[in-house]
Amino acid sequence: MKRIAVIGAGVIGLTTAIRLLEHGYIVTIFARDILHNTTSRAASALWIPIKAGPEKLIFKWARQSREVYNTMPPESGVSLVDVVDFVRDNEPTPMWAQIHNDYHELPAAELPPTYTKAYAARVHNIDTSVFMDFLIKKVLALGGQIIQHEFSALTEVDDSFPIIINCSGVWSNQLVPDEASFPIRGQFVITDKVPLKRVTLASVDDNSFILIVARDHDCYIAGNTIENVWDTKPDPETSQLMLQRAQALEPLLKNSVIRNAGTGLRPGRKTVRLERGELADGRMVIHNYGHGGSGFTTAWGCAEDVIDLVMRTL
């Protein structure tokens with residue numbers, strides 16, 4: 001059976017590795033970052049596709065992934081939550097609503113100022129502080145290995161691996177390299193737990209939004225997507241602005257204070273790169289990166305396409 005090297009231990013790399021292991025392949029994951037310091041752990045993951053394309057494939061992968069999340073046990077950190085997505089005048093229907101039949105619009109009386117519509121539904125929420133550990137345990141239980149190691153080029157992967165799956169996310173910009181790949185910097189803040197009964201999502205402008213997620217142990221607030229910025233140091237002014245915007249939407253946050261702040265670099269690309277290639281020595285490479293803000297939403301569907309490419313080629 002073929003040995004396969006998976007580069008990257010974010011949600012894309014781990015889900016891809018799990019599917020490969022389930023098909024009987026011998027898999028070793030090489031992780032650039034310590035497993036508790038990946039971009040995927042910085043995310044507050046909802047089954048909502050954003051900042052990714054092409055739309056037709058995103059819709060397909062999102063549907064496939066939703067079916068997998070429907071089967072997840074409680075200990076995975078996956079649950080169904082009520083989401084309300086506020087949009088402004090002249091904004092299109094949210095991408096997620098186009099593939100989620102079970103939604104409804106809120107009446108005008110329930111809309112905050114400046115917003116003209118709101119879409120409400122139940123979608124999957126993935127608590128990354130739980131889910132990433134769940135995936136790692138699954139990889140190890142299936143016989144996979146995880147090694148912390150950074151490559152500067154795919155040719156550095158030992159030639160005992162005839163197949164390489166490149167799930168290096170934003171770092172593909174440097175690893176391949178790929179000029180079409182770029183970082184999308186996002187910042188978040190953490191406050192004490194608040195008894196909110198729904199997840200709130202609202203647009204602000206092209207680079208900003210409001211996301212409020214009440215979790216079991218805290219409240220997660222996110223709010224920006226800044227392209228081509230590698231700096232990962234949280235900006236205090238941005239943190240305060242994000243909290244103020246969230247407080248304007250959710251009165252229960254009125255007295256909340258920031259307990260922590262952080263950033264993450266989403267792997268930006270106009271279109272997800274999921275395709276087969278070869279190294280100069282003839283070894284197969286399958287690229288699976290560039291998911292923008294839709295990594296958790298599309299991960300399982302993309303993993304199925306990777307399996308198809310591997311099996312068709314072999």
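In this predicted model, strand β2 (residues 26-31) pairs with β7 in the parallel sense, over 4 bridges. Within that pairing, Ala31 stands opposite Gln148 of β7. On a further pairing, β2 runs parallel to β1, and 5 bridges join the two strands. Strands of a sheet pair through backbone hydrogen bonds, in either a parallel or an antiparallel sense.

These strands belong to an open sheet of 6 strands, whose order is β7-β2-β1-β8-β16-β15 and whose pairing is mixed. Which strands stand at the edges of the sheet? They are β7 (145-148) and β15 (273-278); each has a single partner strand, so one side of each is left without a neighbour in the sheet. From one strand to the next, the twist averages 20°.

The burial of β1 and β2 can be considered next. Strand β1 (residues 3-7) has 4 of its 5 residues buried, so this strand is largely enclosed by the rest of the structure. For β2, 5 of the 6 residues are buried, and β2 is therefore also largely enclosed by the rest of the structure. In a regular strand, the side chains alternate between the two faces of the sheet.

Helix α1 and helix α4 (residues 128-141) pack at an angle of about 30°, and their axes are 9 Å apart. Because an angle under 35 degrees counts as roughly parallel, α1 is described as roughly parallel to α4. The crossing in which α1 passes α4 is left-handed. On the α1 side, the contact is made by Val11, Leu14, Thr15, Ala17, Ile18, Leu21 and Glu22, while α4 contributes Phe131, Met132, Leu135, Ile136, Lys138 and Val139. Sorted by class, the contact of α1 with α4 has 10 nonpolar, 1 polar and 2 charged residues.

The axes of helix α1 (residues 11-22) and helix α7 (residues 295-313) come within 8 Å and cross at roughly 40°. That angle makes α1 oblique to α7. The crossing of α1 and α7 is right-handed, whereas that of α1 and α4 is left-handed. Helix α1 meets α7 through Val11, Ile12, Thr15, Thr16, Ile18, Arg19 and Leu20; the α7 residues in this contact are Gly295, Phe296, Ala299, Trp300, Ala303, Glu304, Val306, Ile307 and Val310. By class, the residues of the contact of α1 with α7 divide into 11 nonpolar, 3 polar and 2 charged.

The loop between β16 (284-289) and α7 holds His291. Is His291 buried or exposed? With a relative accessibility of 2%, His291 counts as buried. Apart from its neighbours within four places in sequence, His291 is in contact with Ile12, Ile50, Lys51, Ala52, Pro267, Val272, Thr298 and Cys302.

Lys51 is located in the loop between β3 and α3, and its phi is near 50°, a positive value in a residue other than glycine. Its relative accessible area of 32% means that Lys51 is partly exposed. Pro54 also lies in the loop between β3 (45-46) and α3 (55-69), and the peptide bond from Gly53 to Pro54 is cis, with omega near 0°.

A cis peptide bond also runs from Val176 to Pro177, with omega near -15°. Pro177 is found in the loop between α5 and β9 (182-191). Trp171, for its part, is placed in the loop between β8 (163-166) and α5 (172-175). This tryptophan is partly exposed, having a relative accessible area of 23%. Not counting residues up to four places away in sequence, Trp171 touches Arg32, Asp33 and Trp230. From C-alpha to C-alpha, Trp171 and Leu135 are 21 Å apart in space, and they are 36 residues apart in sequence.

A positive phi also occurs at Thr114, where the value is about 80° although the residue is not a glycine. Thr114 belongs to the loop between β5 (103-105) and β6 (117-126). With a relative accessible area of 52%, Thr114 is exposed.

How values were computed
Residues are numbered from 1 along each chain as its sequence is written. This is a predicted model: local features need pLDDT of at least 70, side-chain atom pairs count only at pLDDT 80 or more; totals for chains, interfaces and linings use all residues. Side-chain values use heavy atoms; hydrogens and water are left out. Axes are lines fitted to C-alpha atoms, for helices over the stretch in contact, and angles run from 0 to 180 degrees between N-to-C directions. Angles under 35 degrees count as roughly parallel, over 145 as roughly antiparallel, 65 to 115 as roughly perpendicular and the rest as oblique. A crossing is left-handed if the near helix is turned anticlockwise from the far one by less than a right angle, and right-handed if clockwise. Contact means heavy atoms within 4.5 Å. Ala, Val, Leu, Ile, Met, Phe, Trp, Tyr, Cys and Pro count as nonpolar, Asp, Glu, Lys and Arg as charged, and the others, Gly among them, as polar. Two strands pair if DSSP finds at least two bridges between them. Buried means under 20% relative accessible area, exposed over 50%, partly exposed in between (1.4 Å probe, protein chains only).
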